[in-house]
Structures are given as C-alpha cells and as structure tokens.
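I opened this model to look up its core and its sheet. My notes follow in the order I checked things.

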Amino acid sequence: MLATKPYLTQSDAQKILDAANKHAEANNWAVTIAVCDEGGHMIGLIRRDGCAPLSAYIAQEKARTAAMGKRETRVYEEIINNGRHAFLSAPHVSGMLEGGVNIEVNGHTIGAVGVSGVKSAEDAATAKAGIAAIL
C-alpha cells in the first residue's frame, strides 16, 4: 500500500491569501504574500498596493526556503547572525530572512507562506495569520 499524506490545495492557498491580506489590511501594511507547495512551487501571490517591487521576489524566496527546509526562515537568519556565515553557501536557499513560515499538518510540511514588506516579525505574523485560516 502506498503512503498517503496531506497536501495544500488551491482552495487552501486562497484562504491563506485572503486571511493574510485581511491581516495586512487591518494594519495598513503594504506587503507581498506568497504561498507555495511543499516543493517551493508558487501557487498564489498577492502584492498589495504601494508595496515595493522587490518584496514580491523576497516573499517568494522566503516561502520556498520555509517549504523546502521544513522550518521557519527565522531559524536560518539566526544561524547566520550567530556566526555560521558558511550557511550562506547552502544551495537553493536564498530567503533566509524572518517572514517565511512552513505549514505543518500531521508532521508533514505541506507548503509555506512568505511575506515581505514590513518589519520581519510583522511579516511572520502576517504569514501566521494566513496559515491560521486553514489549521
């Protein structure tokens, strides 16, 4: 028998985007919100009015890094800030700033949300507000 596991649907991604966008709107934050599947493939993105164009790239990379690493990007930022600069050479990891949050269900990372545009802790809070809509 083949193993089964949960996965992130397009409907889930839309619920995440809607909730994260509502959180950002309530705080008047101009951010980009990116949602990806477990492999780091984008399945949804919102770039709010007034958001810096660069944030669209940063949000996507935060989401990819959190999904493929199966942990929040804050962890990578802390590793580097604590002196392990060699980690900057890790392949396929470029969103190593707080604001990427993996989505875990029954022990499986099924995707992630990356947010960019405000302070890193606020980016992470926005991502978590989105994820709360499906968990």
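Which residues of the largest nonpolar core touch the most other members? I found Ile 33, Val 35, Ile 103 and Val 113, out of 17 residues in that core. A nonpolar core here is a set of buried Ala, Val, Leu, Ile, Met, Phe, Trp, Tyr and Cys residues joined through side-chain atoms within 4.5 Å. Buried means under 20% relative accessible area, exposed over 50%, partly exposed in between (1.4 Å probe, protein chains only).

Ground rules: this is a predicted model, where local features need pLDDT of at least 70, side-chain atom pairs count only at pLDDT 80 or more, and totals for chains, interfaces and linings use all residues. Residues are numbered from 1 along each chain as its sequence is written, and side-chain values use heavy atoms, with hydrogens and water left out.

Two or more of its residues come from each of α1 (10–26), β1 (32–37), β3 (100–105), β4 (108–116) and α4 (120–131). Helices (H or I, at least four residues) and strands (E, at least two) are DSSP runs, numbered from the N terminus. α1 gives the largest share, five residues. I also noted a second, separate core of seven residues, with Ala 63 and Ala 112 among them.

I checked Ile 103 for contacts (heavy atoms within 4.5 Å). Leaving out residues up to four places away in sequence, Ile 103 touches Leu 8, Ile 16, Val 113 and Ile 134, among others.

Then the sheet. It is open, with four antiparallel strands in the order β2-β1-β4-β3. Strands pair if DSSP finds at least two bridges between them. β2 (42–47) and β3 are the edges. Six bridges join β3 to β4; Asn 102 has Ala 112 in β4 as its bridge partner.
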